[in-house]
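Open your viewer and load the model.

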Amino acid sequence: MSFKVTVIGAGSIGFTKTLISDLLKVPEFVDCEFALTDINPHNLDMVKQVIETIVSVNKLPAKVSATTDRRAAITGARYIMSCVRVGGLEAFSTDISIPLKYGVDQCVGDTICAGGILYGQRNIPVILDFCRDIREVAEPGALFLNYANPMAMNTWAADLYGDVNVVGLCHGVQHGAHQIAQVLGVRDDELDYVCSGINHQTWYIDIRAKGRRIEKEELIEGFERHPVYSRTEKVRIDVLKRFGVYSTESNGHLSEYLPWYRKRPEEIGRWIDMSNWIHGETGGYLRYSTERRNWFETDFPKFKQEANKPLSEHKRTSEHASYIIEAMETGRPYRGHFNRRNNGIITNLPDDAIIESPGYVDRFGINMIEGITLPTAAAATCSVSVSVQRLSVEAAMTGNIDTLKLAVLHDPLVGAICTPDEVWAMVDEMVVAQAQWLPQYADAIPAARDRVSKSTVKTRDWNGAARKEVRSVEQLREMVGAHH
């Protein structure tokens, strides 16, 4: 069985190695063609060396190619995966630093909130370029597997405007389920669950441990007595108590999707833990990514060494991609959680929303389970984010800066902190700072630049409420600038 799989953004060496190693664990896929593409030729060469080593050491007939010509890489592909970050660390730094000046304290800033919305504006034009190539030169009916954030916005744009068969994939559901298994004292394979909602706001609405249904009270008790999660997941535990369901998303990420936990600087420390950035540190993911900006260089020898090991030592991960492709090619069914357009799958979310919910895959493709109803509080929270996503996608498609400002204004955390005048000024500043990645706003940027130069809106000299290391925004920018 031979077909072509393309990885866009393959310079993310560790993730690309994982995805391809998982695929090569499927016996029928050992003679597939893997086409790697990235805008960074240096990283691309390194990942090609790693994958070629895996193929050679295991004496597999698989073919590996690498090119900066994305269209050539997509030509003839049956499956196309994307794991790109448009603008890199340079743009990411302004996703965090500019909102901080207006009091918006983000931990990650890549899904919604001010940073996630601008991230979507950068990504969507590029995603649509991918879709054009898929329509024109990939195999007919090719599947686009999007791993890139902001997951819902990217998938929404590809589905509605890209005219391709697309699924969004994330590993948050699996990670949260692992936590639940741990607090209940069972193995991961002894836990069954239905998890549904939208990406990064997905909810475990039915949990069974060894076949026994787990109620809210038992789950709360398990998390509160756990020696680690009781400290690191305070937001998630609080939401569990109030909503009755546990969220997939990490403590820091979840805290920025909601309007309640990060709006008062003096309160933020109550809800986060500084043992790891993911638990809520201000700009935590930016700091982590910036300090590890050369990780692909330092870890390359390790990746090469690991690539010299037989695939029999590689444990197939819980990433969905290889299982989806296996099910579609072999007919062996797979159950997972996928990002697709709603169309009635979740009864109390809008039909046009990109939801994350259970589905089955076989030769007939991805088939979602319909008729799921979320708890009312979970649906209300998701619905707010869906409205922000809808406005954000519309703004990205039209280049209308007023629509973009309305999207940011309606974001739950931004709206809890900023006045409308502050939102308008903040968006102007972010669009000007990111102009090189926002071609759809080219006509709007000169006026925005003029407004920024004349703005009387007061900003704050504030470095955030929860810094692991006292590092100024200027220092972070210098680090990013040194890399570029």
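**Before you start**

This is a predicted model: local features need pLDDT of at least 70, side-chain atom pairs count only at pLDDT 80 or more, and totals for chains, interfaces and linings use all residues. Residues are numbered from 1 along each chain as its sequence is written, and side-chain values use heavy atoms, with hydrogens and water left out.

**Stop 1: the two domains**

Select 4-90 together with 115-170. That is domain 1. The domain centres, taken over C-alpha atoms, lie 29 Å apart. In the contact between them, domain 1 takes part with 16 residues and domain 2 with 20 residues. Contact here means heavy atoms within 4.5 Å.

**Stop 2: the interface**

Zoom in on the place where the two colours meet. About 1600 Å² is buried between domain 1 and domain 2. Buried area is the accessible area (1.4 Å probe) that two parts lose on being put together, summed over both. Carbon and sulfur atoms give 78% of the area buried between the two domains.

Which three residues of domain 1 supply more of its buried area than any other three? Select Ile117, Leu118 and Gln121: they supply 38% of the area that domain 1 buries against domain 2.

How many salt bridges cross the interface of domain 1 and domain 2? The rule finds zero. (A salt bridge is a side-chain nitrogen of Lys or Arg within 4 Å of a carboxyl oxygen of Asp or Glu.) Polar contacts do cross the interface: five residue pairs, with both residues at pLDDT 80 or more. A polar contact is a pair of N or O atoms within 3.5 Å; within protein, one must be able to donate a hydrogen and the other to accept it, and residues adjacent in sequence count only if both atoms are side-chain atoms.

Next, show helix 5 (113-137) and helix 6 (151-160). These are the elements that give two or more residues to the side of domain 1 that touches domain 2. Helix 5 gives the most, with eight residues. Helices (H or I, at least four residues) are DSSP runs, numbered from the N terminus. By class, this side of domain 1 has eleven nonpolar, three polar and two charged residues. Ala, Val, Leu, Ile, Met, Phe, Trp, Tyr, Cys and Pro count as nonpolar, Asp, Glu, Lys and Arg as charged, and the others, Gly among them, as polar.

**Stop 3: Gln121**

Stay on helix 5 and select Gln121. Is Gln121 buried or exposed? Its relative accessibility is 0%, so Gln121 counts as buried. Buried means under 20% relative accessible area, exposed over 50%, and partly exposed in between (1.4 Å probe, protein chains only).

Show the side chain of Gln121. It reaches the backbone nitrogen of Ala396 at 3.0 Å. A polar contact of 2.6 Å also joins the side chains of Gln121 and Tyr441. Leaving out residues up to four places away in sequence, Gln121 touches several others, including Ser392, Leu404 and Leu438.

**Stop 4: helix 18**

Select 401-410, which is helix 18. Its buried residues are Ile401, Thr403, Leu404, Lys405, Ala407 and Val408. They pack against several helices, among them helix 5 and helix 17 (376-398). At the start of helix 18, look for Asn400. A side-chain oxygen of Asn400 comes to within 2.9 Å of the backbone nitrogen of Asp402.

**Stop 5: salt bridges**

The structure holds 32 salt bridges.

- Arg132 and Asp133 are joined by one at 3.4 Å, N to O. Arg132 is partly exposed at 31%, whereas Asp133 is buried at 2%.
- Arg187 and Asp189 are joined by one at 2.9 Å, N to O. Asp189 is exposed at 59%.
- Arg287 and Glu281 are joined by one at 2.6 Å, N to O. Arg287 is buried at 9%, and Glu281 is buried at 2%.

Now select Arg70, Arg71, Asp129, Arg132, Asp133 and Glu136 together. Salt bridges that share partners join them into one network.

**Stop 6**

Select Leu23 in helix 1 (residues 13-24). Leu23 is buried, at 2% relative accessibility. Beyond its neighbours within four places in sequence, its contacts include Phe29, Met81 and Ile325.

Finish at Glu313, in the loop between helix 15 (300-307) and helix 16 (320-330). Glu313 is exposed, at 55% relative accessibility.

Technical notes:
Domain bounds come from an automatic or database domain assignment.
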